[in-house]
Amino acid sequence: MRISSVCYFPETFISFSQLGLVCAILNSFVLNKGKNSNLSGIIRVSVIILALLLAWSRGLAGVFLMLSLILMKAKSEKLYLLRGITAIFFLIMFLASLVTSTWMVYPVEIKSNPVAQEVSLKINTAPDLRSINRHAAIRMFKERPFFGLGQGMFTYNVRRYINKDDVEKTLVLNKLKFNKLLADPHSTFFGALAETGVFGLSAMLLLFIFIISNSFSALSSGEITTSWCFLSCFLGFLLSGLLSDDIFALRHLWLSMAFLIAIRNNYNNFCSNEK
């Protein structure tokens with residue numbers, strides 16, 4: 001059963017827990033490397049990952065991307081198997097997120113014909129609401145490519161850009177009616193494209209590029225560092241923003257960016273003092 005007692009939406013729980021997970025990894029394995037702290041750290045990290053798996057949503061792809069990137073820097077040969085398992089989990093979750101963000105798969109029908117000695121298998125699918133929203137966002141962009149419809153206007157205009165006949169099954173499965181359909185883009189990037197056009201999306205991408213380039217020292221480092229952990233967390237958030245949610249609404253996205261900038265500034269100050 002999905003965890004919903006703390007957060008109404010599993011995606012919200014996963015995004016908060018992702019930042020908690022990276023802090024647990026930092027506290028136990030990067031900043032404190034004693035045997036006792038490692039044991040308690042393994043327990044903390046395991047409990048958080050178990051809770052994340054119980055929440056089970058598209059955001060897990062971003063979590064396992066983060067873990068894969070962090071483990072990529074680990075020098076210990078003992079973690080070889082763990083790195084492989086984490087990478088496989090990431091690929092599974094990423095592919096599952098792509099599929100479930102494109103189609104809904106609902107009950108399989110199996111029919112047998114004893115006379116003809118045949119068995120037929122039918123898998124019913126319908127476009128997922130996220131896929132419908134992406135196509136609507138692209139139509140909005142084509143209509144107003146430079147500045148978009150305006151910030152926050154996707155929800156109020158989405159019905160104008162959706163073909164009712166194309167989404168009839170999906171609306172029934174989601175217990176929605178077309179005249180009551182209101183939705184957000186469920187993607188930071190497609191939402192920015194529809195609401196702010198090329199200029200808004202470009203500005204957003206420049207911000208993300210600045211944050212990543214600002215942490216370039218973490219990329220060139222040969223070991224796990226605080227900066228690398230937060231950068232991995234940030235990249236995980238970006239992947240989640242592509243597949244599932246509007247990550248700009250997440251306070252912890254801004255918090256991770258602030259940590260990266262602060263760490264970089266401290267590093268620059270340290271280098272200046274050394275000179």
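Modeller: Axes here are lines fitted to C-alpha atoms, for helices over the stretch in contact, and angles run from 0 to 180 degrees between N-to-C directions. Before going on, keep in mind that this is a predicted model, where local features need pLDDT of at least 70, side-chain atom pairs count only at pLDDT 80 or more, and totals for chains, interfaces and linings use all residues. Residues are numbered from 1 along each chain as its sequence is written, and side-chain values use heavy atoms, with hydrogens and water left out.

Colleague: Which residues make the contact?

Modeller: On helix 8 they are Thr188, Phe189, Phe190, Phe208, Ile211 and Ile212, and on helix 10 they are Leu231, Phe234, Leu235, Leu238, Gly241 and Leu242. Contact means heavy atoms within 4.5 Å. By class, that gives ten nonpolar, two polar and no charged residues. For the classes, Ala, Val, Leu, Ile, Met, Phe, Trp, Tyr, Cys and Pro count as nonpolar, Asp, Glu, Lys and Arg as charged, and the others, Gly among them, as polar.

Colleague: Let's zoom in on Leu238. Is it buried or exposed?

Modeller: Leu238 counts as buried, at 12% relative accessibility. Buried means under 20% relative accessible area, exposed over 50%, and partly exposed in between (1.4 Å probe, protein chains only). Leaving out residues up to four places away in sequence, Leu238 touches Phe189, Phe208, Ile212 and Ile247. Leu253 is 15 residues from Leu238 in sequence, and the two are 9.0 Å apart in space, C-alpha to C-alpha.

Colleague: And what about helix 3 and helix 10, at what angle do they pack?

Modeller: About 150 degrees, with the axes of helix 3 (residues 60-72) and helix 10 8 Å apart. That makes helix 3 roughly antiparallel to helix 10.

Colleague: Who meets whom there?

Modeller: Helix 3 brings Ala61, Gly62, Leu65, Met66, Leu69, Ile70 and Met72, which meet Trp228, Cys229, Ser232, Cys233, Leu235, Gly236, Leu239, Ser240 and Leu243 of helix 10. Sorted by class, the residues are twelve nonpolar, four polar and no charged.

Colleague: Changing topic: how many disulfides are there?

Modeller: The count comes to zero, taking a disulfide as a pair of cysteine sulfur atoms within 2.5 Å. Cys23, for instance, is in no disulfide, and the nearest cysteine sulfur, that of Cys233, is 7.8 Å away. Cys23 counts as partly exposed, at 35% relative accessibility, while Cys233 is buried with 0%.

Colleague: Stepping back, how many helices and strands does the protein chain have?

Modeller: Eleven helices and two strands. These are DSSP runs numbered from the N terminus: helices are H or I with at least four residues, and strands are E with at least two. Along the sequence the pattern goes α-α-α-α-β-β-α-α-α-α-α-α-α. The chain has 275 residues, of which 40% count as buried. Of the contacts between residues at least 6 apart in sequence, 66% join residues at least 24 apart.

Colleague: What about Ser57, buried or exposed?

Modeller: Ser57 is buried, with a relative accessible area of 8%. Ser57 lies in the loop between helix 2 (35-55) and helix 3. Ser57 and Ser97 are 40 residues apart in sequence, but 8.2 Å apart in space, C-alpha to C-alpha.

Colleague: Last one: where is Ser131, and which residues does Ser131 touch?

Modeller: Ser131 is in helix 5 (residues 129-143) and is buried, at 7%. Not counting residues up to four places away in sequence, Ser131 touches Ser101 and Thr102.

How values were computed. Parallel < 35°, antiparallel > 145°, perpendicular 65-115°, else oblique.
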